[in-house]
Amino acid sequence: MKECSSWWNWRRCLLEHSADGPKNVLVIDFGGQYSQLIARRVRECRVYSELIPHDTPLAEIHAMKPAGIILSGGPRSVNEPGAPMLDPEIFALGVPILGICYGLQLIAKVKGGRVARTGRAEYGRRTLTISDHGTLFAGLPPELSCWMSHGESVVEAPPGFIVTADSPDMPIAAIADPKAGVYGVQFHPEVRHTDLGLEILKNFLYSICDIPPTWTPVSIIEEAVERIRAQVGDERVVCGLSGGVDSAVAALLVYKAVGDRLTCILVDHGLMRMNEAEQVEDTFRRHFHVPLVHVRAQQRFLSRLSGITDPEQKRKLIGEEFIRTFEEESRRLGKSKFLVQGTIYPDVIESGTRSAAVIKSHHNVGGLPEDVDFELVEPLRMLFKDEVRVVGEELGLPDDMVWRQPFPGPGLAIRIVGEVTEERLEILRKADHLLLEEVKRAGLYRELWQSFAVLPAIRSVGVMGDERTYAYPIVIRAVTSEDAMTADWARLPYDLLEGISQRLINEVPGVNRVVLDISSKPPATIEWE
Ligand code: XMP
């Protein structure tokens, strides 16, 4: 495994992990909104897949030994000068290819067919009529509902290709050259709105590419442990634990690899949820026996935040203070050469294959700066969030940590609109705790991307008993989402809302009103600050 020591080589090892021949699929990203989703769905079919930029040289693709290639959708027109193209030599690799949307149009164009704007764009659900099932559509009914999103269409199939499906506005909705193993579909099988979309992907993976469905995220554990050992040697490692699932799973993998040479540092900035720091300490120190330093820095953070109301300034101060505290603590522990980071695959994709504009500005807030004097250990670089959870479960991480909803680095500070004071923190922490208790009791915690309380900077009049009150409202914020880039407000049942409202008003001193945030993202954001 020595040759797997660098991250790039490790990735090679993952890609070529089988002695019986290649089993992985490369998704070539032409900038489509569902590109990441394609890679995720392929992995859901238990086949290892990676997303690579469309300008990856063919020699590199060849070296990765794919057993199948999927060409993603994209926002451009294949007829536009400068649009991302396909190297025609890709067909000479002898690897099965599936083009989706723009990917289909690329195949059509490169292979001598014709793509044009017909004036009949299709967006949304359409009925697909299959005229030739072949292998790709094997086992499917003659008609199914599929998701379309395109302005141009293939108007002439390339020589040697057969048309295998159509839709009401488009005579060519799918093409195939079965002998060459090249297929194209105009619709999106990766989107849940396409009926049996996963079956189409499975047909491509299992029957056309001949890949057995054997990959699971758990298969990376042993490889990751070997790789961490090779990277770290006899050195010491530190890890910042936040309570989130990514850093927790990364820490456990590193602990499995290097044992007591890992020390976790838990910086409690006083902005965490109720009992959160204690739970993390309990899990790691007492349950897993991982060396852990719990830094109680509440006062330090609170005094820096005193008088600060601007959200970005809060973030900046908390981020700076966090780094300073972490550095002081790791210096006190003695020299560590390595730092564990819970970077996951979507972060890698966003910084590697996308334009910088889409990277979240708060990406690294509460994390560490780029110029720290550490070498990074990032064992989750190739995993999606749901896969990190599977690995966490396998490593024995308790359910409440594995399934914890995302929580921002600056914590409750960005859910308190205006100044963060001890009194306001106390109100929000209690409110948040009650709200989560009720959501969990209703069995909705895992279904929601995030659910939490917000404390606005206003007070309103109420009446309790015979007394007039002038107190804070609490905002209930609950959203569903796949990746936090977009989100919808969750339709919580009235009974649950009533239960939350009653408990917040009766059990949290300083609260006399409860309101519900019914904004989606965009145009709102998930957090209030
Ligand atoms: P927004 O509010 O931008 O949030 O819709 C998207 C996701 O990011 C989380 N978030 C943060 N995470 N530091 C973080 O580590 C931050 O400053 C921060 N701000 C927002 C938010 O909870 C949601 O999951």
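This is a predicted model: local features need pLDDT of at least 70, side-chain atom pairs count only at pLDDT 80 or more; totals for chains, interfaces and linings use all residues.
Helices (H or I, at least four residues) and strands (E, at least two) are DSSP runs, numbered from the N terminus.

Residues are numbered from 1 along each chain as its sequence is written, and side-chain values use heavy atoms, with hydrogens and water left out.

## Domains and cores

The protein is divided into domain 1 (7-208), domain 2 (217-402) and domain 3 (415-516). Domain bounds come from an automatic or database domain assignment. The centres of domain 1 and domain 2, taken over C-alpha atoms, are separated by 37 Å.

A nonpolar core is a set of buried Ala, Val, Leu, Ile, Met, Phe, Trp, Tyr and Cys residues joined through side-chain atoms within 4.5 Å. Buried means under 20% relative accessible area, exposed over 50%, partly exposed in between (1.4 Å probe, protein chains only). In soluble globular proteins, nonpolar side chains tend to be buried together.

Here the largest nonpolar core has 85 residues. I70, F137, L262 and F284 have the most contacts inside it. Helix 7 (residues 245-258) gives the most to this core, with 11 residues. Both domain 1 and domain 2 supply the core, with at least three residues from each.

What does F284 touch? Leaving out residues up to four places away in sequence, F284 touches L241, A248, A251, L252, H289, V290, L292, L397 and M401. Contact means heavy atoms within 4.5 Å. A second, separate core has 44 residues, including L271, F322, L444 and I474.

## Helix packing

Two packed helices are described by the angle between their axes and the distance between the axes. Axes are lines fitted to C-alpha atoms, for helices over the stretch in contact, and angles run from 0 to 180 degrees between N-to-C directions. Angles under 35 degrees count as roughly parallel, over 145 as roughly antiparallel, 65 to 115 as roughly perpendicular and the rest as oblique. A crossing is left-handed if the near helix is turned anticlockwise from the far one by less than a right angle, and right-handed if clockwise.

| Helix pair | Axis angle | Axis distance |
|---|---|---|
| Helix 6 (residues 220-232) and helix 7 | roughly 65° | within 8 Å |
| Helix 7 and helix 12 (residues 385-394) | roughly 45° | within 10 Å |
| Helix 14 (residues 422-441) and helix 15 (residues 494-507) | about 150° | 10 Å |

Take helix 6 and helix 7, whose axes cross at roughly 65°. That makes helix 6 roughly perpendicular to helix 7. Their crossing is right-handed. Helix 6 makes the contact through I221, E222, A224, V225, I228, R229 and V232, and helix 7 through L253, V254, K256, A257 and V258.

Helix 7 also packs with helix 12, at roughly 45°. The two helices are therefore oblique to each other. Helix 7 passes helix 12 in a left-handed crossing. V245, D246 and V249 in helix 7 meet K385, V388, R389, V391 and G392 in helix 12.

Helix 14 and helix 15 pack at about 150°, so they are roughly antiparallel to each other. This crossing is right-handed. From helix 14 come K430, A431, L434, L435, E437, E438, V439 and R441. Helix 15 contributes L496, I500, R503, L504 and E507.

## Backbone details

Most residues other than glycine have a negative phi, and most peptide bonds are trans. C101 has a positive phi, near 60°. C101 is found in the loop between strand 4 (97-100) and helix 4 (102-110). Is C101 buried or exposed? C101 is buried, with a relative accessible area of 5%.

N275 also has a positive phi, near 60°. N275 is partly exposed, at 43% relative accessible area.

The peptide bond from K521 to P522 is cis, with omega near -15°. A cis bond also joins P522 and P523, with omega about 10°. P522 lies in the segment after strand 19 (511-516), and P523 is found in the segment after strand 19.

## An exposed proline

P142 lies in the loop between strand 5 (114-130) and strand 6 (143-156). P142 is exposed, with a relative accessible area of 54%. Not counting residues up to four places away in sequence, P142 touches L128, T129, I130 and H133. P142 and G499 are 357 residues apart along the chain, and their C-alpha atoms are separated by 48 Å.
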